[in-house]
Amino acid sequence: MHDYIIVGNGLAGAILSYRLNEEGKSIVIVDEDAPEAAWKVAGGVWNAISFKRIIKGWMADEMTDEADAFYQKLQDQWKIEFYEAKKIVRIFSDVHFQNTWLSKSDSPELTSFLSDNSPNELETLPLKMPFGAGTVKKGGHVQLGVFMKAIKAHLNKSATLINEKFDFDSLTVNDEHVEYKEIKARNIVFCEGYEVINNPFFSWLPMSLTKGEILILKNPGWKFDCIINNGKHLIDLKDGRLGVGATFDWKNLDHSITEEGKEQLLDHLEKNFEFRDWKVLIQKAGIRPTVADRRPLTGVHPDHPNVFVFNGLGTKGVLIAPWMAKKMVQYLVHGTALPDESNIQRFAKKHFR
Ligand SMILES: Cc1cc2nc3c(=O)[nH]c(=O)nc-3n(C[C@H](O)[C@H](O)[C@H](O)COP(=O)(O)OP(=O)(O)OC[C@H]3O[C@@H](n4cnc5c(N)ncnc54)[C@H](O)[C@@H]3O)c2cc1C
């Protein structure tokens, strides 16, 4: 008998499996390797500051420390380069934004995150910044393709990986254990990203999915270490390409790339760059598992004590997953309570049945 079946081996499932494995648990992972999984599209940036109101996100201090330590540790351990801590430079859109940033960067709450100046390296770029820019001192970038390949190779040594679409008709849930085809396990955890909307156990959770598109551009020869943000991110991918993203669309929840998406991203760049000759190499689209209240979804099914969900990483999976997976493992293995804000119990009364 295995300890856990994990359904979904994206950012959520892989990091949760890694953490369960650290606890010595035996795991079977079922993943269909969907080409449209969100991690295959995502920009890989982590940033705990919400630029809309210039505030720290939920659990920002704990999550940033955890994310930085987690990716750095694995990079050192596996000797594979996929992570860099990076400053994020926010270009001010107008005087009002500039004033708000300057006063917030002095506040005790935000002083460890915000600074009111920007790095000198930006002077080499054809940037237009009439209102200046400020810096988020704590941020980072994970090359998700490289990281996910490495974590899957690691899991392959200790867990059983099954490459298929999970078939709900082949699952039996008993009081003592669950059975999927010939596999018996004490528990099952669903980590399917936006596909949770098709999960018969958890489709009642109030998702508010968002489609996003990104572009990979030819780098015109620029070099910069920070992440530039003017509402969209621009990253030097250090391989002759720039990454730019992402759009937000709450209505058209499909995986098709669009002319509108491309134009929106290029228009955004053109607001702040004296440069027009962008060469688009790749355009991708994906769906983020965003939740109505913008908090993760963790916890147990109201009727089945051995059926769990770990989802709702939304727009910030790279930042949230390492911290939230730690909390989830403490809950699953040691019985420590989950944070109320992420516990799916918050929705059970109103949305279940
Ligand atoms: C355009 C875009 C840009 C983004 N940029 C960033 C960014 O810069 N930084 C950031 O932190 N986040 C970003 N995100 C969000 C990030 O991608 C998500 O938070 C994260 O990927 C969620 O992880 P997940 O494992 O829950 O879902 P996913 O990454 O979607 O993984 C789900 C996995 O479940 C598997 N699966 C699903 N259903 C089944 C099934 N029935 N049977 C078997 N397997 C199944 C899929 O194959 C997949 O591997 C972005 C997302 C998009 C779309």
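This is a predicted model: local features need pLDDT of at least 70, side-chain atom pairs count only at pLDDT 80 or more; totals for chains, interfaces and linings use all residues.
Start with Lys 238. There are 15 other C-beta atoms within 10 Å of Lys 238, so this residue is partly exposed. Lys 238 sits in the loop between E17 and E18. Its phi is near 65°, a positive value in a residue other than glycine.

Is Lys 181 buried or exposed? Lys 181 has 12 C-beta neighbours inside 10 Å, so it counts as exposed. Lys 181 also has a positive phi, about 50°, and it is not a glycine. You will find Lys 181 in the loop between strand E13, residues 178-180, and strand E14, residues 183-190.

Strand E17 covers residues 233-236 and strand E18 covers residues 241-245. The two run antiparallel and are joined by 4 bridges. Across from Ile 235 stands Gly 243 in E18.

Ala 246 lies in the loop between E18 and helix H5, which is residues 259-272.

Next, the sheet. E17 and E18 belong to an open sheet of 8 strands, in the order E8-E9-E7-E16-E17-E18-E15-E19, with mixed pairing. Which strands stand at the edges? They are E8, residues 114-115, and E19, residues 280-288. Each has a single partner strand, so one side of each is left without a neighbour in the sheet.

Last, a pair of helices. Helix H1, residues 11-22, packs with helix H6, residues 317-334, at an angle of about 40°, and their axes are 9 Å apart. Angles from 65 to 115 degrees count as roughly perpendicular and those under 35 as roughly parallel, so H1 is oblique to H6. The crossing of H1 and H6 is right-handed. On the H1 side, the contact is made by Leu 11, Ala 12, Ile 15, Leu 16, Arg 19 and Leu 20. H6 contributes residues including Gly 317, Val 318, Pro 322, Lys 326 and Met 328. What kinds of residue make up the contact of H1 with H6? They divide into 11 nonpolar, 1 polar and 2 charged.

How values were computed. Residues are numbered from 1 along each chain as its sequence is written. Axes are lines fitted to C-alpha atoms, for helices over the stretch in contact, and angles run from 0 to 180 degrees between N-to-C directions. Angles under 35 degrees count as roughly parallel, over 145 as roughly antiparallel, 65 to 115 as roughly perpendicular and the rest as oblique. A crossing is left-handed if the near helix is turned anticlockwise from the far one by less than a right angle, and right-handed if clockwise. Two residues are in contact if their C-beta atoms, placed from the backbone, lie within 7 Å. Ala, Val, Leu, Ile, Met, Phe, Trp, Tyr, Cys and Pro count as nonpolar, Asp, Glu, Lys and Arg as charged, and the others, Gly among them, as polar. Two strands pair if DSSP finds at least two bridges between them. A residue is buried if 20 or more other C-beta atoms lie within 10 Å of its own, exposed if 12 or fewer, and partly exposed in between; C-beta atoms are placed from the backbone.
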